[in-house]
Amino acid sequence: MPAHASLLILKPSLATTFLRSSLSSAVVPLPPLHLRPFRNARNLSSLSSAASSPMPSLVPSSSDNVGGCRSGVISPPPIEDSVQKIDVNPPRGARDFPPEDMRLRNWLFHHFREVSRSFGFEEVDFPVLESEALFIRKAGEEIRDQLYCFEDRGNRRVALRPELTPSLARLVIQKGKSVSLPLKWFAIGQCWRYERMTRGRRREHYQWNMDIIGVPGVMAEAELISAIVTFFKRVGITASDVGFKVSSRKVLQEVLRCYSVPENLFGKVCVVIDKMEKISIDEITKELKSLGMSEEAINELLQVLSVKSLEKLEEILGAAGEAVADLKQLFFLAEKFGYSEWIEFDASVVRGLAYYTGIVFEGFDRERKLRAICGGGRYDHLLSTFGGDDIPACGFGFGDAVIIELLKEKELLPELSLQVENIVCALDHHLQGAAAVVATRLREKGRSVDLVLESKPLKCGVQTSSTDKCTKVDIGGEF
């Protein structure tokens, strides 16, 4: 029994029992219980005769087969000498959510929703199953290895979504001019990726996305980071626990342009650079050479990517470029929003997906024990890759697995118990109908009620309420 619940126990007494409602000081009379005789004797005799007649055979005769299909009574499956046990664990990388885990998930999603709504965003959702082309076209062939994909019975290539942004882009194109810009949408959905599992990384996870469609300025990115910081503060995370690494894809573009690296290699270069914290510099160099980059261009690129100061970046690229201007504006807005202590410049942040075009950011734990907590950025050309018009857009994805690990690490996970206000228990089976009346009346008044479905002795009811820290016990009836 949860804490802060009241226990109502019904005991056989007078024809009319009065229970004091926990909702008010008024006394609620229970109607007398009447037992009506079964008047249809013919029905009783027919039931008796049916019970005494022999059971029909469950095995169909040869006449039951029509066109190769059986009709009539379905025969039971053949009885085997031994029953093979199934694996009761979920598929590798997936999770069950028993009640205690479901309460935690609902708590987390509640904070996601409350933060999103406090920023004026509306909730949307999309199918878990999408066209495979939706993800391959926007992110490159590399993601094919991570997709749960197959061919359906209509010979269509489909996939379980690995993320939410492409589905969002598809919906925006579908709505077209029926919606007015800017759009501020958020979603919480399950995603699937077949990848190597580590702490905080599973093959399925839930992801919180917030996206702004139709705003070209850096104010949109600043607003999104502010929303994430607001969430962290709500759950007890501080700037000493978590930070944001910020950069811009335009930094890479300017370096690659100086060395005449073709535009069509830009996305592939970003995918390689995104591995910098996972593989050695020698391996990064080798992969960049395989893309056709010269040694001089690679050395210059790696030098720029090692920059951790916006002032140093301005010395290398100059103050006139878009990359520096956008980043300086973002840091200015961060100060105005009040989260400047949360963010830092890191040129090596590019994000691995090919559709990002401008500012990108990642949330990380400062002790470096976990992978990225969240990440996002600007993707102004994503819609045109699906046949729509280019619309400025930015957004972020925030998974549920890493933040739970971080909250465990910081001992910030709440203790969540079943939220029930009243427990109604009948001491005798003759009073189960009366108990149902009481439970229904309390529920109609907005109370949460756990109706005990079996008759329990008084001692058991009181002991249960004491064991489960019930703070109030209401007993109805004469004792």
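Reader: Is phenylalanine 112 buried or exposed?

Author: In this predicted model, phenylalanine 112 has a relative accessible area of 1%, so it is buried.

Reader: Why does 1% count as buried?

Author: Buried means under 20% relative accessible area, and phenylalanine 112 is at 1%, so it falls under that cut-off.

Reader: What about phenylalanine 109, buried or exposed?

Author: Phenylalanine 109 counts as buried because its relative accessibility is 7%.

Reader: Why is the pair of phenylalanine 231 and phenylalanine 232 called tilted?

Author: The planes of phenylalanine 231 and phenylalanine 232 are at 55 degrees, so the pair is tilted.

Reader: Which residues do the ring pairs link into a cluster?

Author: The cluster is made up of Phe97, Phe109, Phe112, Tyr206, Trp208, Phe231, Phe232, Phe244, Trp342, Phe396 and Phe398.

Reader: Which arginine lies over the face of tyrosine 206?

Author: That is arginine 105, at 4.5 Å from the ring centre of tyrosine 206. Tyrosine 194 has an arginine over its face too: arginine 203, at 4.0 Å from the ring centre.

Reader: New topic, serine 226. Which helix is it in?

Author: Serine 226 is in helix α5, residues 219-234. Its relative accessible area is 9%, so serine 226 is buried.

Reader: And what does serine 226 touch?

Author: Setting aside residues up to four places away in sequence, serine 226 touches Phe119, Phe337 and Tyr339.

Reader: How many residues of α7 are buried?

Author: Seven of the eight residues of α7 (residues 266-273) are buried, so by the under 20% cut-off the helix is mostly covered. The buried ones are Phe266, Gly267, Val269, Cys270, Val271, Val272 and Ile273.

Reader: What covers them?

Author: The cover over the buried residues of α7 includes α6 (249-258), α8 (281-290) and α9 (295-305).

Reader: Now holes. How many cavities of 30 Å³ or more are there?

Author: The search of the whole structure finds four. The second largest cavity has a volume of about 50 Å³.

Reader: Which residues line the second largest cavity?

Author: Its lining is Gln253, Leu256, Arg257, Val261, Pro262, Glu263 and Phe266. Helix α6 gives the most to that lining, with three residues. By class, the lining of the second largest cavity has four nonpolar, one polar and two charged residues.

Reader: And the second largest pocket, what volume does it have?

Author: The second largest pocket has a volume of about 320 Å³. It is lined by 17 residues, and the closest to its centre are Arg95, Phe97, Leu104, Arg202 and Ile404.

Reader: Which helix gives the most to that pocket lining?

Author: Helix α12 does, with five residues. Both α2 and α12 (400-409) supply at least two residues each.

Reader: How many of the pocket lining residues are charged?

Author: The lining of the second largest pocket has 10 charged residues, along with five nonpolar and two polar.

Reader: Where is glutamate 132?

Author: Glutamate 132 is in the loop between β7 (129-131) and α3 (133-139). Its relative accessibility is 5%, so glutamate 132 counts as buried.

Reader: What is it in contact with?

Author: Leaving aside neighbours within four places in sequence, glutamate 132 is in contact with Arg144, Leu147, Cys149, Arg157, Val158 and Ala159. C-alpha to C-alpha, glutamate 132 and phenylalanine 150 are 8.5 Å apart in space, and 18 residues apart in sequence.

Reader: Last one. How many helices and strands does the chain have?

Author: The protein chain has 14 helices and 19 strands. Of its 479 residues, 43% are buried.

Technical notes. Residues are numbered from 1 along each chain as its sequence is written. This is a predicted model: local features need pLDDT of at least 70, side-chain atom pairs count only at pLDDT 80 or more; totals for chains, interfaces and linings use all residues. Side-chain values use heavy atoms; hydrogens and water are left out. Buried means under 20% relative accessible area, exposed over 50%, partly exposed in between (1.4 Å probe, protein chains only). Rings of Phe, Tyr and Trp (its six-membered ring) pair if their centres lie within 6.5 Å; planes under 30 degrees apart count as stacked, over 60 as edge-to-face and the rest as tilted. A charge sits over a ring if NZ of Lys or CZ of Arg is within 6 Å of the ring centre and within 35 degrees of the ring normal. Helices (H or I, at least four residues) and strands (E, at least two) are DSSP runs, numbered from the N terminus. Contact means heavy atoms within 4.5 Å. On a 1 Å grid over the protein atoms alone, a cavity is a set of points where a 1.4 Å probe fits but cannot get out, and a pocket is an open set with protein on both sides within 12 Å along at least five of seven lines; lining residues have an atom within 4 Å of a point. Grid points are joined across faces, edges and corners, and a volume is the space filled by probe spheres set on the points. Ala, Val, Leu, Ile, Met, Phe, Trp, Tyr, Cys and Pro count as nonpolar, Asp, Glu, Lys and Arg as charged, and the others, Gly among them, as polar.
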